[in-house]
Structure formats: C-alpha cells, structure tokens
Amino acid sequence: MIRKILRSQPGSDYALARECLLHHMSYQLPASASRDRWVGFREIARTTRRIFGSHKAVIRYGDHPSAILGGFMHTHELITKYIEREAGHPIGVYIAKAEWPEAEPGGRTGFWLRWILFAWPLAFRCIWSQRRSNLALLIRECADTAMFMHRLHREKICELFDFLPYEIDSNLIALCCRASGIRVTKIPSSGPLATHNKVMIADAVVFTTPYQREEYEQFQDTIRTTQILKWGPEKAYTYIGHYQHRKRETPARSLAFYSHGSWIRQAMDHASDGLEIAGAEKRLLADLRTFMLRHPDCALLICVHPRERVAARWQETLSYYARQLEGVPYAFSAEGVPTALTFDKADIALAAFSTINYERLFCGFKTLIGNYDIPEFPMKGSSLEPICFDNYQKMERLILQARTMSHEEFFTAFKLEGYRYDQFPGYAGARS
C-alpha cells in the first residue's frame, strides 16, 4: 500500500495520502526532530523496542464487528461511550494506537526482519532530507499500520471508527481498510478542519459544528467521503446534563480566558502547527489586561489548560500569568474541576484557539474568539466571523455589546443557534 501511495498520480486518493505522510505536521515527534539527522535510526530503535516489548493495547467489549482506533488506553471508556451513544450500537474492540497491539503477524522476529528492510533505506534518507521528521514517522507508521490491520483482520472487524484523523497515517489506514472491505468513519475534534483535517478519506465523516460543514464546502476536493454525520462534541454527554435543564445564570460583568497552554507547549518542545497560537494568546492576554484596566468593574477568571496545572510547572504558570496580567485582579478556575463544568462561572468567555470554544457554544453560553495572526480563520462570511476579533477595539466592542444581552439574545443576534445542543440529534431536550 505504501508503494502505491508513494508512486501515485496527482489527484488520486493515494496522492492525498502521500501528501499527508510526507508533508503534514505531526505531534508524535518533538520540534527538534526536524534538525536531527539521525532521527530515522532513532525511530528504528524505538520501534524495535515496541515490537519486542509487551503492552496491553486492545480491549474487547463484545462480539460486534466494530472497532475504535484511539490514542491511549486510559481514554478508552470516554471515547467508547461517546461513539456508542452517537453511532447507536455497541462497539466490539478498542485499539490504542499510541501503545501496541500484543499480537504480531508471523511472529515478532519474522515481522521485524521484513519491516527493517523497508525502514533502513528511509533512515539513511533522513540524514539529508528536509522532510526527515515525516520520513522517520513513516518508519514507525509502516509497522503500526501493519500491526493494526492484522488486528482488525484477526477480530473480523467490518466497521472502524477513527478517532485520530489528524494523524499523518490516517488516510493510509483508510486505504488499507478500503482494500479489506472495512467501512471507516472519521471523527475530527470540534476545532476547524483546516488545522489538521482538511484531507480525509473515509466512508463517513463526523462534523460537530456548523462551521465544519461550511469548511466542507471549501475542502470537498480533499475531504473525500460519501456520508456526513452530525454528532455532538466528543465529551458532550459527560457535561450537557449540568446545563440542559437549568437557567443559564452567570455572574454579571464577568469574563473568562480559556487557555490553550501554548506557551508551555513551546517550553516542552512540541512540534509547531504553524498557527502561531502562542503569539495569539499573548496578544489576547495583553488586550484583556488593557480592558480590565479600563473597566475595573469586571471580574476575570483564568481557566488554565491541564498542562499548566501539572504540579511541577504550577509555579511557572503562576509567574507567566503574573507577567501577562500585571496590575490586574484575576482568579484561577477551581483545581480538579473540568473546564466544561465551569461555563456558568463567567458571563463571556474569550479564547484564541481552543475546542473549548465550541463546547461552550454547544452548551449555550456567550463566547468570543481572538483570531490574532490566524488569517485563514475564520472563513470570510462564515457563521463564526461575527464573534471573532483580531485587535483591542473589536474585542472591547464585542464584550460591551455581548454583556448587555442574555445568552439567548446573544445566540439570536449573532445567528449561532445551530451551535447549541438542542440542534443536535440526541441532545434536543427542553431548553431553559
């Protein structure tokens, strides 16, 4: 399959898969890998250890011929319940791609010998190639996909739910499944498709926001599917009951900043997605500081990212916000409480780039988006454009406008009703 992909003609599904494998970014290797001439050999060593290691990476729930491709074992319950709820049938198997299936085709040694013949030339190419990170990952993805497909065949799977469509090998897996007669449904996160999911090959694709449907009109050449499904956000079932039958009362003149944790991701050498989110968050915080100084009657709540909450980095987090918001009073969200359960703690929320924006809109709360230095988002004329801002003047105008409205009035005035939970199948309960 990889040979077909690498030799494919422009415009084909195989060519789209090649574009993802060789050119798209991935978080699986650190940013420094792009400068490491020996990264291919390091990937051979890492993958070899995985092949001969022992990990529990498969859970069988029952006999249904469906499987989930997930990331880690510790998230299997949340993901499985979500997909079963939305798909309307039980799931048979969960496979954690970030770990390793315990069954290898033809024995570990035989598999390793066949794989190393493929991997070794790629490792040498990494020495001089400008695409060395992607080539190194191809070494890993070849082994991962072979293991994964072997497991699907062994479990007699007919339907796959891909929870990781942003991974660069997602379309490789889809083409392998197509060749094996396995139906594939891809489930992107609630963020814009343009970020990581504008190239998808699948039998069905799940959209969780109206904006994604608008993007699909632009990306139909590269999102190749025969069915569009409308689901709620991935964790919606865990928190919607907190708001579904309650009156949306929020403290007057209160603001919340939802962090993407971009500054700490940089400190941890995460690969860049090219969106300059760290700079956007700094600009948003600077403008929030100015707003708070000019409007001291407002309260500000900082909802930190889980990475910022890690005990080893908490002092760094405190220092970071003290610098960014010098002279401004603010509070942090309660420790141990999921952000999605704090939507009613602030009247208006602001964030630069986070899926929490769409979860908050889903629950019916006023939300504004700072799209600083992100010219591709939102699309001109899209449903999100009226609530986006890229400078202080726009931000101040939107906040002052929004705080005079109820949440219901906000959604009506900005024509955002389609984002609210009562517009989604399975969530259309009574609205307060």
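Me: Two strands are said to pair if DSSP finds at least two bridges between them. What makes β2 and β4 paired strands?

Reply: In this predicted model, residues are numbered from 1 along each chain as its sequence is written, and local features need pLDDT of at least 70, side-chain atom pairs count only at pLDDT 80 or more, while totals for chains, interfaces and linings use all residues. Side-chain values use heavy atoms, with hydrogens and water left out. Strands (DSSP runs of E, at least two residues) and helices (runs of H or I, at least four) are numbered from the N terminus. Four bridges join β2 to β4, and the definition asks for at least two, so these strands pair. They run parallel. Isoleucine 68 has phenylalanine 161 of β4 as its bridge partner, and alanine 67 stands opposite leucine 160 in β4.

Me: Why are β1 and β9 at the edges of their sheet?

Reply: The open sheet of seven strands has the order β1-β3-β2-β4-β5-β7-β9, with mixed pairing. β1 (58-60) and β9 (228-230) each have a single partner strand, so one side of each is left without a neighbour in the sheet. From one strand to the next, the twist averages 20°. Helix α7 (residues 170-179) lies across β2, β4 and β5 (183-186), running at about 155° to β5. Such angles run from 0 to 180 degrees between N-to-C directions, the axes being lines fitted to C-alpha atoms, for helices over the stretch in contact.

Me: Why is serine 382 called buried?

Reply: Its relative accessibility is 8%, and the limit for buried is under 20%, so serine 382 counts as buried. This residue is found in the loop between β14 (367-370) and β15 (388-389). Serine 382 touches Tyr211 and Glu214 (heavy atoms within 4.5 Å), not counting residues up to four places away in sequence.

Me: How do you know that serine 382 has a polar contact with methionine 379?

Reply: A polar contact is a pair of N or O atoms within 3.5 Å; within protein, one must be able to donate a hydrogen and the other to accept it, and residues adjacent in sequence count only if both atoms are side-chain atoms. A polar atom of the side chain of serine 382 lies 2.8 Å from the backbone oxygen of methionine 379, so the distance is within the limit.

Me: What makes β10 a covered strand?

Reply: Five of its five residues are buried. Ser254, Ala256 and Tyr258 point one way, and Leu255 and Phe257 the other way. β10 is joined to β11 by five bridges, and the two run parallel; alanine 256 has leucine 301 as its bridge partner in β11. Strand β10 (residues 254-258) also pairs with β13 (residues 348-351) in the parallel sense over four bridges. There, phenylalanine 257 is the bridge partner of leucine 350, and leucine 255 that of isoleucine 348.

Me: Which helix lies across β10, β11, β13 and β15?

Reply: Helix α12 (residues 277-294) does, running at about 165° to β10. Helix α15 (residues 356-363) packs on the sheet, touching β10, β13 and β14.

Key:
Buried < 20%, exposed > 50% of the residue type's maximum accessible area, 1.4 Å probe, protein only.
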